[in-house]
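Here are my notes on the charged pairs, as promised. Have the model open while you read.

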Amino acid sequence: GSVFDDDVAKLLGGAEEKKAIGVKDILSSQSSADVQTNKPSLVSTLIMEQYENELSALRETIARWVVHITTDSSDHVSPLKRALLQSIAGLCEFFGHEGVMACILPQVLAFLNDRKDWQLRSGLYQNLPIICSVVGREATEQFVVPCVETALLDEENLVIASALTCL
């Protein structure tokens, strides 16, 4: 194998059995019919699988951080929660529909239970439309609208105003 073979093996995870397969062997195993029909090559399939695995691992790590921040009930974490809301568009894009439904939406809706931080509750209502655009109409009607309706009874006028704007 060449130096290039070793670099590809490292890219694909560095396993010894992957090093044994040279790039020339992989490329020569691709038939000309695959190239003509635009079928993905073995190399691109392996790279995509590696990408998907690493993206999944990264999403799990970020989800743990989100859960850690959102479930922390100490007084000093409110600014972190508000910062998380300010970054909600990027998080929604990163996690996609399934991740937002499984992780982001349930965690941020729990912010409504924080009766000490009206700015957090207000910030949630200001950013909920971003989340709703990702989760869709059905989830919005089922999970978000009841929370917004509840906010109309909040003791803080700015929270009520944010909830009305959210609608």
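1. Start with R82: this one is partly exposed, at a relative accessible area of 26%. (Buried is under 20% relative accessible area, exposed is over 50%, and partly exposed is in between, with a 1.4 Å probe and protein chains only.) Its partner in a salt bridge is D117, with the closest N and O atoms 2.6 Å apart. A salt bridge here is a side-chain nitrogen of Lys or Arg within 4 Å of a carboxyl oxygen of Asp or Glu. D117 itself is buried, with a relative accessible area of 8%.

2. Keep in mind that this is a predicted model, where local features need pLDDT of at least 70, side-chain atom pairs count only at pLDDT 80 or more, and totals for chains, interfaces and linings use all residues. Residues are numbered from 1 along each chain as its sequence is written, and side-chain values use heavy atoms, leaving out hydrogens and water.

3. Next, D154 and R121: their side chains form a salt bridge at 2.9 Å, N to O. D154 sits in the loop between α8 and α9 (157-166) and R121 in helix α8, so the pair ties together parts 33 residues apart in sequence. (Helices are DSSP runs of H or I, at least four residues, and strands are runs of E, at least two, numbered from the N terminus.) Both D154 and R121 are buried.

4. R137 and E141 also pair up, at 2.8 Å, N to O. R137 is exposed at 66% relative accessibility, while E141 is partly exposed at 46%.

5. The structure holds seven salt bridges.
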